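Work through these exercises with the structure open. Each gives a task, then a solution in steps.

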Amino acid sequence: MNRFFPWGFLSVTALVFLAIFVAYPILGVLFRSFIGENGAFSLDGFETFLTRGKYLEALMNTVILGLIVTLTCTILGVFLAFVVARYDIPFANIVLLLPLSVLIIPELISAQSWVMVFGNNGLITNLFKALGLPFPRFYGWFGLIYVMTLTYYVHVFLAALAALRGFDHSLEEAGQSLGTAPFTTYFRVVFPTILPAVLASGLIVFTLVIGNFAISIALAQRVPLLSVMTYRSFISELGGNPTMQSTLATVSILLVSGVLFLQKRYLSKRNYQMVAGRSTPRIKLRGWKALLISGGAGLIIVLSLMPALVVLMGSFTVSRGPVMYWGQFTLEHYVRIWDFNLAVIGNSLKFASLATGLGVCFATLVSYLLVKKRSVFSPVLDYLLLLPLTISGTVLGIALAQGFNSGPIVLSGGLLMVLAMMVRRLPFGVRNASSNLHNISNSIEEASVSLGVPPVRTFFNVVLPLMAPGIAAAAILTWVTTVAELSASVVIYQAGQETLPIQIFRLISSDLMARASAFGVINMFIILVPVFFGIKVMKVRLFSS
Amino acid sequence: MRYLGYASTFTLLTIIGAATNATAGEVNLYTSNSEDAVALVLDAVAEQAPDIKINVIGGGSGSLLRRIEAEQSAPVADLFWSSGFSTLAGFSNLFTAYESPEADSLLPALQTESAPWTGTNTHVTVIMVNSDVLDGEAPQTWEALMDKRWAGQVTMADPANSSSSYAQLYGIYQLYGEEGVRNLADIVELQGSTSGVYKAVAQGEYPLGMTMEYAAQRYIHGGQDDISMIYPTDGTFLSPEGMALIKNGPNSEEAKQVYDLLLSQNLQEQLFDLTFRRPSRADLDDAIANSGLPLMEDINIIEVDETEAGEQRDYLLELWADARG
């Protein structure tokens with residue numbers, strides 16, 4: 001048996017794939033930011049960035065927004081996790097739906113729905129106006145912080161909840177029996193131990209906020225932000241300046257990778273091991289405390305799920321052009337989609353199923369190679385898989401478009417769409433697929449091989465079935481994110497390749513909210529079906545890791 | 001395992017299903033117009049040229065034109081409908097001229113004898129007003145709009161990003177020179193895109209916005225009472241839009257029939273009623289009057305030399321960036 005074949009060969013193939021489709025375009029962006037208009041080395045891009053006030057202002061705003069939203073998400077997420085872990089509240093089961101709400105409601109749709117509620121012509125705004133009360137301006141900082149907090153706090157919530165559930169209650173009892181007041185014990189014993197998990201998820205929130213495109217472009221009319229500026233520099237109808245596009249993209253890459261670096265350094269220093277955790281008994285609350293705490297938690301839950309309802313209602317609301325007539329209902333928007341836009345739904349299904357299919361096959365193979373067949377190529381593979389995490393969707397779109405629209409390798413728009421959707425999700429797909437690979441004993445596989453079954457057949461007959469739950473989770477999560485993908489595809493797509501999110505984005509741009517809502521409902525439906533199927537029928541655990 | 005099998009079969013099917021081709025008797029129409037506008041055209045073709053089948057590829061005009069450019073060696077598109085003249089000028093090598101018999105009925109400014117496209121409609125720059133958030137009387141002229149009292153209350157799209165916004169800037173420059181450009185720079189706040197302007201005004205973010213007539217009319221016709229528009233009496237600007245035949249398109253004979261149809265009185269009237277984009281034909285005054293919009297002859301229009309505007313672009317944007325500080 002050749003030692004290189006098949007696993008060494010497959011490792012090299014995976015490596016080459018990542019080098020061409022991830023490393024090459026990203027390095028291209030970094031490289032082009034140092035190339036001036038005349039084609040020679042120049043620092044003009046960075047000089048412009050540092051001297052023209054608007055770029056620095058956008059960078060500052062982006063960082064400030066990231067910090068504020070990380071803080072608000074942490075407060076909200078930890079509060080809710082604490083309530084769920086410690087108190088016996090009436091609707092604890094609904095809380096478990098929360099992570100799903102983030103999955104099935106694309107960012108674009110939550111921004112859109114909150115505009116319909118709080119925008120200057122929104123439901124609540126009009127209510128306040130009718131009552132003669134002033135309402136804060138939603139476009140700008142208030143809207144950005146509000147919508148992003150409600151979209152991203154779930155990340156902190158999940159991390160904090162897992163940490164709190166793993167917390168050994170006897171530590172807290174020990175603290176109290178030594179004479180420390182309960183509240184002080186929380187601060188000195190409980191919080192430090194859940195801090196690493198909370199901070200790690202907080203940093204994820206930070207990277208999501210600074211890379212965010214959908215919410216930013218909908219709400220940041222008066223607040224210049226880096227991601228929106230990067231997008232506009234690329235999409236400008238009068239032809240942008242490639243050096244400046246690359247410079248903006250490079251700044252964003254540096255920002256995110258800097259944060260990821262800090263996170264790794266911080267987490268490597270702090271690691272608490274819980275010994276035989278005894279879980280905390282859940283307290284039943286009474287009186288005004290119960291009302292206050294369960295009311296607060298209930299409000300967060302209602303607000304998290306509200307966008308889906310608003311969009312559903314909007315999709316059935318009568319509109320004349322951009323003007324909506326709330327309270328009057330129609331099926332017109334769905335009829336129009338049926339008459340004119342089935343191709344858009346087809347595009348979404350086509351691109352997302354290709355990206356999911358390819359992405360899951362790739363993730364399965366790579367996770368097997370990385371966990372079970374480590375070789376000299378594995379460390380490089382590990383690093384290449386981290387690369388997609390350092391770039392926002394917009395930057396990935398620009399990298400792919402610049403890298404493959406001309407030059408040595410030219411790819412068609414459709415292929416680029418699939419690539420963009422697939423690459424963005426790859427690191428997570430590999431993590432999902434390898435989740436139970438660590439628990440599969442090598443001896444099972446060795447037994448099969450020693451009985452004469454060739455390694456590849458052993459992989460398909462023995463290992464793959466054992467990996468199936470992880471693969472199914474990877475498939476569902478990849479599907480969910482690819483169907484909702486906007487920021488990379490909106491940079492790449494060509495005429496005739498519009499997906500549902502792109503169509504929604506375009507309709508929102510021309511202020512046709514009711515029609516956008518109908519597309520939004522269809523988008524959520526397409527996302528929800530496999531999730532529902534996976535959880536209910538196939539019993540896939542989506543949030544095990 | 002089984003669902004992986006299903007997934008790969010589905011994947012294969014979608015790849016096979018992706019390829020399509022146009023044959024004779026068909027026209028490949030690349031259009032940036034909305035689906036309901038396209039539907040009107042499809043209906044008109046079905047009625048008046050039933051042997052022609054139209055394949056519609058829709059999208060933003062920038063992305064469509066870039067696609068036509070990419071397909072240049074083996075053109076797929078027959079007809080492009082429609083984009084601003086200044087945008088079309090950047091792609092003029094993709095088009096071939098066609099002298100439609102309908103062209104004589106068009107407004108002189110939209111006939112474009114020297115260029116390989118024909119005007120289909122024209123935008124008129126207006127001041128869109130939201131009375132709900134307006135303090136005092138709305139300005140009736142550009143000069144009054146540029147008064148310091150409106151500082152921070154007027155919005156327009158970034159002229160560096162948007163061709164229609166550049167046309168507005170050039171118009172102001174033509175009327176009031178460098179000082180006008182500086183005055184404008186002092187009072188406006190910029191939006192990233194053209195649509196940002198009318199949305200911001202409709203949502204009450206700004207009381208005043210420099211935008212296109214049709215965009216404001218959508219809200220007025222939709223029934224939003226606090227929206228109105230002003231045609232500045234010191235003169236406003238047109239930004240005409242046109243369509244063009246694609247050079248070496250596969251079905252150019254059929255495409256010419258659609259071309260003529262798009263300039264016909266009946267279809268232009270229907271399109272105007274739907275989109276509020278002022279038709280290029282000179283004989284639709286009744287329809288315009290019925291819609292509540294003023295007739296062209298009642299608006300003070302400043303002639304703009306498009307070539308001159310293009311040549312001045314770098315200079316003017318530099319001046320603008322300088323004035324914005």
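**Exercise 1. Find the kink in helix 1 of chain A and list the buried residues of that helix.**

Solution. Start with the bend: helix 1 of chain A has a kink of about 40°, centred on A:A19. The bend at a residue is the angle between axes fitted to the seven residues ending there and the seven starting there. Helices (H or I, at least four residues) and strands (E, at least two) are DSSP runs, numbered from the N terminus.

The model is predicted: local features need pLDDT of at least 70, side-chain atom pairs count only at pLDDT 80 or more, and totals for chains, interfaces and linings use all residues. Residues are numbered from 1 along each chain as its sequence is written, and chains are lettered from A and ligands numbered from 1 in the order in which they are written.

Next, the span. Helix 1 covers residues 7–32 of chain A and reaches 36 Å from first C-alpha to last, close to the expected 38 Å. That expectation is 1.5 Å times one less than the number of residues.

Last, burial. A:W7, A:S11, A:L18, A:F21, A:V22, A:P25, A:I26, A:V29 and A:R32 are buried. Buried means 20 or more other C-beta atoms within 10 Å of the residue's own; exposed means 12 or fewer; partly exposed lies in between; C-beta atoms are placed from the backbone.

**Exercise 2. How many residues of helix 12 of chain A are buried?**

Solution. Take residues 226–235 of chain A. Nine of the 10 are buried. Among them are A:M229, A:Y231 and A:F234.

**Exercise 3. Describe the fold of chain A as a whole.**

Solution. Count the elements: 24 helices and two strands. The radius of gyration of chain A is 25 Å, close to the 24 Å from the globule rule for 545 residues, so chain A is as compact as a globular protein of that length. The radius is taken over C-alpha atoms; the rule is 2.2 Å times the number of residues to the power 0.38. Buried residues make up 46% of chain A.

**Exercise 4. Which elements of chain B supply the side that touches chain A?**

Solution. Count the contact: 38 residues come from chain B and 29 from chain A. Two residues are in contact if their C-beta atoms, placed from the backbone, lie within 7 Å. Helix 1 (2–17), helix 2 (35–48), strand 2 (53–58), helix 3 (61–70), helix 7 (194–202) and helix 8 (213–222) of chain B each supply at least two residues.
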